[in-house]
Amino acid sequence: MLTQPLKSLSLNSLLISSTLASLRTLFSSSSSSSFLITQKTKQTMKFPSFSLNFSQHNNILFIRTILILLFSCATIRVDFCFSSFQSSLQELPLEGNFSFSENEFAAKDFGNRYHFLPLAVLHPKSVSDISTTIKHIWDMGPFSKLTVAARGHGHSTRGQSQADQGIVINMRSLREPEMRFSTGRFPFVDVSAGELWINILHESLKYGLAPKSWTDYLHLTVGGTLSNGGISGQAFRHGPQISNVYQLEVVTGKGEVINCSEKQNADLFHGVLGGLGQFGIITKARISLEPAPKMVKWIRVLYSDFSAFTRDQEYLISAENTFDYIEGFVYINRTDVLNNWRLSFTPDDPIEASKFISDGRILYCLELAKNFNPDNKADTINQDIEGLLSPLSYIRSTLFMSEISYVEFLDRVHTSELKLRSKGLWDIPHPWLNLLIPRSKIKLFAQGVFGNILKNTSNGPVLIYPVNKSK
Ligand SMILES: Cc1cc2nc3c(=O)[nH]c(=O)nc-3n(C[C@H](O)[C@H](O)[C@H](O)COP(=O)(O)OP(=O)(O)OC[C@H]3O[C@@H](n4cnc5c(N)ncnc54)[C@H](O)[C@@H]3O)c2cc1C
């Protein structure tokens, strides 16, 4: 076993070792308050046999006194342990620092449904800050209940990056190393796990390169998406983001700093990728890159028949020279679909498109993108797209297309974020469900859910798209 699950670092041993350490300090410094705690505990233990000779009234008074003493001892003990634990953290030799107050930000996430306040937040400046802290907690022993959670950009939805009365590690403050690019035959970039994907995109474009696999939204950290999967419309071809990583540096549950890859410490590598932060903290990642396109043809078409929609999606993910991005949406009881598109897309046939009525219908949107470079004179992008679209069975009047830069395309959700923020709608609660459904059950699923369990989709997007298991 290369590593210990971080969640098994526990608090009991913290209580025990803190108490013992404090008692040692106490005896050497002759401090009275902590000594009193020990004394009170001893007296409490003696009370029961003593109390048998009292009257009933006295007994009640006596029990009350015991309860008050017990509760106050417990409170003092917790305060005492917390302050002792806090000072033990403060004494650690770190380049960064701990915050013990104003940590409310670490008790929030995009889901905005779970709020667990940590005891402390570590703002690391180096990998060694993280390993020193984890080692310190590990050394507290196996009975400690103290939890540790790495926090990337806090965009998870169920408190995954929170640690109830534990320690949150704010990965965004870890900015070493600077991004380092290798532009050889197999280009890659080495990045800190606290880096946002949007920054990696901008930096790698300076070398004419870009990562291959994305999420729909790029203001997420490398560590955050690699701990999940990182899936978007490129996954059918390149696999999720976790399939596009050459190497990781990880701090294990014991505080060791270990490099891992397919060939070196492979258990750790595969455990950490998609490991939801349970097998170690990713501190650096080597991400595979490819030559970046400049422009994107971005296409949307509608279907009213689910079978035709999935059939076309499946056909496209296995077609030759296919699109670079393939996703899809479900619209139920939405009247504004095409009007919304008109803001950023041009209809292929405006007159036909204006006759289209979506009212009350369940519609399925196939979303596609094909990358291209306008400088490449030999590029046959328009013919290629025509060839790919012609065998599909979408509703012809609903073909909408747009031509935008690669960056604009990849960062498209940020545009929606800004709009939602301006209306105060970004910080509302976001219940969220991701499901991987086998191909054999997808029609059954659609029949049971769309229009039955789910009667409208006006409160949030429903995405549906195929991925290749082999990737
Ligand atoms: C608007 C929006 C759109 C999204 N779109 C997509 C999408 O298209 N595809 C997709 O796959 N996901 C998508 N997600 C989900 C997103 O990928 C995950 O929620 C991701 O974990 C968020 O990254 P983060 O940096 O905010 O991580 P956090 O929420 O901070 O952390 C997520 C989990 O990873 C752990 N973690 C964080 N950093 C590290 C680290 N360095 N080492 C070990 N563990 C770590 C945390 O402890 C936690 O368990 C989207 C989320 C939002 C809010």
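The legends below describe several close-up views of a predicted model.

**View 1. The protein chain as a whole, with its confidence values.** The protein chain of this predicted model holds 15 helices and 15 strands, and of its 471 residues 33% count as buried. Among the contacts in the protein chain with a separation of 6 or more, 74% are accounted for by residues 24 or more positions apart. The mean pLDDT of the protein chain is 85, and 82% of its residues reach 70 or more. Over residues 1–54, however, the pLDDT is below 50, and this stretch has 84 contacts in the model beyond near neighbours in sequence. Over residues 73–78 the pLDDT is also below 50, and here the model has 6 contacts beyond near neighbours in sequence.

**View 2. The shell around the ligand.** In this view 33 residues surround the ligand, and the closest are Gly152, His155, Gly223, Gly224 and Gly277. Strand E3 (148–151), helix H6 (222–226) and strand E10 (281–291) each supply at least two residues of this shell. Domain 1 (1–174) and domain 2 (181–291) each contribute at least three residues to the shell around the ligand. Sorted by kind, the residues of the shell are 12 nonpolar, 18 polar and 3 charged.

**View 3. The largest nonpolar core and the surroundings of Ile169.** In soluble globular proteins, nonpolar side chains tend to be buried together. The largest nonpolar core here has 86 residues, and those with the most contacts inside it are Ile167, Ile169 and Ala285. Strand E14 (residues 362–372) gives the most to this core, with 7 residues. When its neighbours within four places in sequence are left aside, Ile169 is in contact with Leu122, Pro124, Ile130, Val148, Ala150, Arg151 and Ile281.

**View 4. Two asparagines with a positive phi.** Most residues other than glycine have a negative phi. Asn112, although it is not a glycine, has a positive phi of about 50°, and its place is in the loop between strand E1 (97–99) and strand E2 (120–123). Asn112 counts as partly exposed because it has 14 C-beta neighbours inside 10 Å. Asn265, which is not a glycine either, has a positive phi of about 50°, and it lies in the loop between strand E9 (257–261) and helix H8 (266–272). With 19 other C-beta atoms within 10 Å, Asn265 is partly exposed, since a residue counts as buried if 20 or more such atoms lie within that distance.

**View 5. Asn459, in the segment after helix H15.** The place of Asn459 is in the segment that comes after helix H15 (442–449). Asn459 is exposed because it has 7 other C-beta atoms within 10 Å, and a residue counts as exposed if there are 12 or fewer. Although Asn459 and His430 are 29 residues apart in sequence, they are 10.0 Å apart in space, taken from C-alpha to C-alpha.

**View 6. Glu314, in helix H9.** Glu314 is found in helix H9, which covers residues 306–318. This glutamate, Glu314, counts as partly exposed because it has 16 C-beta neighbours inside 10 Å. From C-alpha to C-alpha, Glu314 and Ile326 are 9.7 Å apart in space, while in sequence they are 12 residues apart.

Definitions and conventions
Residues are numbered from 1 along each chain as its sequence is written. This is a predicted model: local features need pLDDT of at least 70, side-chain atom pairs count only at pLDDT 80 or more; totals for chains, interfaces and linings use all residues. A residue is near a molecule or strand if its C-beta atom, placed from the backbone, lies within 6 Å of it. Helices (H or I, at least four residues) and strands (E, at least two) are DSSP runs, numbered from the N terminus. Ala, Val, Leu, Ile, Met, Phe, Trp, Tyr, Cys and Pro count as nonpolar, Asp, Glu, Lys and Arg as charged, and the others, Gly among them, as polar. Domain bounds come from an automatic or database domain assignment. pLDDT is the predictor's confidence in each residue, from 0 to 100. Two residues are in contact if their C-beta atoms, placed from the backbone, lie within 7 Å. A nonpolar core is a set of buried Ala, Val, Leu, Ile, Met, Phe, Trp, Tyr and Cys residues joined through C-beta atoms within 7 Å.
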